[in-house]
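Trainee: Could you take me through this structure feature by feature, giving the general idea before each case?

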Amino acid sequence: MDETLDEPPTSAVFLDNCHFSQVIFNNVEKFYVPGGDITCYYTLTQHITPRRKDWVGIFRVGWKTTREYYTFMWAPFPSDLSGDSVVQQQIQFRAYYLPKDDEYYQFCYVDEEGVVRGASVPFQFRAETEDDILVVTTQGEVEEIEQQNKDLLKENKELKESCLCLQKQNLSLQEELRLAQEKMKELEGEVCFLQTGNLELRRAQELQAGEMSSAQMNLASIREQNIKLGKENQELQKGLESLRSSCDKLKLEGNFLKEENKRLTEQNGCRERELQQFKEHNQEVSSEKEQLESRLKTTLDHMDQLQSQVLDREKEMENLVRMDHDKTEQLEHLKEENRQLRVTLAERKEQEVKLEQCLEDLKVTEASMALHLQHKQHQNHNLAKELEEKNHLFQILQRKKDEIEEKNLRLKQENNELLMHLSESPGYSARVAVPSAQVPAQSPGSEDLLFGNPYNKSLETYDVNVPSVKKCPLCEEVFSDDIGPRQYEDHVQSHILDCPYCDEIFEDKQVYDDHVYCHSLE
């Protein structure tokens with residue numbers, strides 16, 4: 001920015017370590033017209049020793065360190081240096097290197113160690129306009145306002161980011177809720193399908209139970225038939241044993257008859273007819289024996305068939321018992337699956353309730369955040385409005401002050417003219433000879449004057465005629481001269497409202513009520 005290529009010596013020393021009273025800037029305008037060179041006038045006091053590397057820079061109001069200069073010029077080394085005298089200096093900045101915006105700037109004198117030794121009042125680069133009023137604020141107030149604006153912007157940005165995050169979380173939770181509802185519908189369909197399958201299995205189980213009961217009844221009837229056949233078999237075995245015993249007896253009788261036949265054949269006598277009868281009887285007994293043997297054979301075959309049928313029935317019973325056991329296990333497995341499905345369904349319902357609760361909490365949080373953001377925006381608007389009102393009030397008070405100064409100047413001129421006129425009049429000496437009891441009390445320093453202080457009466461008259469400037473800056477109420485400063489301060493203090501929760505101070509009642517309401521929400 002400068003004509004030279006050398007960089008000025010700077011440092012990171014903050015404002016607390018600077019000495020602004022060692023160099024005094026003179027004739028600094030409120031604003032400079034852009035497009036023209038400007039001349040900076042300053043005075044070196046006896047408290048500073050100028051050096052070759054000292055420089056004068058133009059800084060934007062609100063600077064923190066000397067590295068934040070906009071442009072600079074090397075300070076000319078004074079030709080006449082005496083220890084106890086002040087030196088008037090000047091330096092010219094060319095228009096090409098000057099700022100082009102309408103921000104506030106100030107001159108600063110920086111030594112070769114980078115420490116600020118003097119600073120001017122703020123000024124602007126803009127065209128000349130009528131009724132131009134410069135509002136001068138201290139560096140602390142500017143920093144405080146900028147810090148408040150930064151904090152408010154940061155808080156607004158954080159609130160917007162948190163609002164966006166909450167909206168994204170809300171959308172994701174709604175999507176999860178929708179997926180959970182779809183999955184719940186699928187699970188309900190699966191539960192309905194499993195319930196229908198369970199009903200079919202119950203029906204099949206009932207049918208199997210009916211078949212099982214009928215098979216058990218058939219088995220019981222078969223067991224009864226088997227018992228009856230066993231009893232018949234025992235009776236047949238008893239009959240067979242009796243037949244065997246009779247057969248043995250018949251064999252014995254046959255042997256006895258053979259022996260008797262031999263004996264009869266030996267006799268070969270008259271008993272041939274009896275022998276023939278005995279032969280016939282033997283043939284009948286043998287035929288009965290054959291019939292009994294055939295009947296026994298058929299009985300044994302029937303018993304074998306019955307035993308084979310009993311074995312088949314027992315196998316069928318075993319198969320039925322095995323099938324019943326398998327069906328029972330399958331039914332237990334289905335019951336366990338049904339219980340697990342119910343537990344899963346209950347867990348899904350609990351998750352759905354939790355998701356709904358979380359969604360409600362998110363909605364409440366979003367509403368509170370939106371309310372808080374709206375309150376912050378309203379507070380920012382109120383602060384801007386309050387700042388604008390204070391600026392307007394300051395302009396009004398400055399204008400009134402200028403008018404009063406002009407009136408005071410005119411009254412002084414009139415008093416001087418009256419004094420000159422009275423001094424020329426012949427009756428002036430007679431008025432001076434008034435007794436001292438009738439002369440008003442003189443102000444301090446009037447005893448040094450020959451005729452007293454001529455401004456005492458005129459100032460009293462001026463105080464009576466000039467309207468009071470004691471005006472409340474908040475409600476614009478005008479007070480008379482007889483009111484004391486304590487009463488005036490109490491009246492102004494009554495408009496200031498202190499927050500009971502924090503250290504903030506408010507002048508507007510509505511803003512104060514909104515601020516306290518926000519604390520109550522927290």
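Mentor: What follows is a conversation about salt bridges, aromatic rings, cysteines and a surface patch.

Mentor: This is a predicted model, in which local features need pLDDT of at least 70 and side-chain atom pairs count only at pLDDT 80 or more, while totals for chains, interfaces and linings use all residues. Residues are numbered from 1 along each chain as its sequence is written, and side-chain values use heavy atoms, with hydrogens and water left out.

Trainee: How many salt bridges does the structure hold?

Mentor: Side chains of opposite charge can pair when their charged atoms come close. A salt bridge is counted when a side-chain nitrogen of Lys or Arg lies within 4 Å of a carboxyl oxygen of Asp or Glu, and the structure holds twelve of them. One of them joins E112 to R51, with the closest N and O atoms 3.2 Å apart. This pair links distant parts of the chain, since E112 is in the loop between β7 and β8 and R51 is in the loop between β3 and β4, 61 residues apart; strands here are DSSP runs of E with at least two residues, helices are runs of H or I with at least four, and both are numbered from the N terminus.

Trainee: Which other residue meets R51 in a salt bridge?

Mentor: The side chain of R51 also meets that of E113, at 3.7 Å from N to O. R51 lies in the loop between β3 and β4 and E113 in the loop between β7 and β8, so this pair ties together parts that are 62 residues apart in sequence. Salt bridges link R51, D111, E112, E113 and R117 into a network.

Trainee: Where does the salt bridge of R339 and E336 lie in the chain?

Mentor: R339 and E336, whose side chains meet at 2.3 Å from N to O, are three residues apart in helix α2, and are therefore separated by about one helical turn.

Trainee: How many aromatic pairs are there?

Mentor: Rings of Phe, Tyr and Trp (its six-membered ring) pair if their centres lie within 6.5 Å, and planes under 30 degrees apart count as stacked, over 60 as edge-to-face and the rest as tilted. By this rule the count comes to 18 aromatic pairs. Among them is the edge-to-face pair of Y70 and Y105, at 6.1 Å centre to centre with 65° between the planes. Y70 is in strand β5 and Y105 in strand β7, 35 residues apart.

Trainee: Is each of these two residues buried, exposed or in between, and what are the values?

Mentor: Buried means under 20% relative accessible area, exposed means over 50%, and partly exposed is in between, using a 1.4 Å probe and protein chains only. Y70 counts as partly exposed because its relative accessibility is 27%, whereas Y105, at 2%, counts as buried.

Trainee: How many disulfides does a search of the whole structure find?

Mentor: A disulfide is a pair of cysteine sulfur atoms within 2.5 Å, and the search finds zero. The sulfur of C40 is 9.8 Å from the closest cysteine sulfur, in C108, which is too far for a bond. For C163, the closest cysteine sulfur is in C165, 9.3 Å away, again too far for a bond.

Trainee: Which residues form a nonpolar patch on the surface?

Mentor: Patches are made of residues with over 30% relative accessible area and no salt bridge, with like charges joined within 9 Å and nonpolar side chains (Val, Leu, Ile, Met, Phe, Trp, Tyr) within 5 Å. L371, Y517 and L521 form such a nonpolar patch, with about 300 Å² of accessible area together, as given by the Shrake-Rupley method with a 1.4 Å probe, where for residues only the protein chains shown count as cover. L371 is placed in helix α2.
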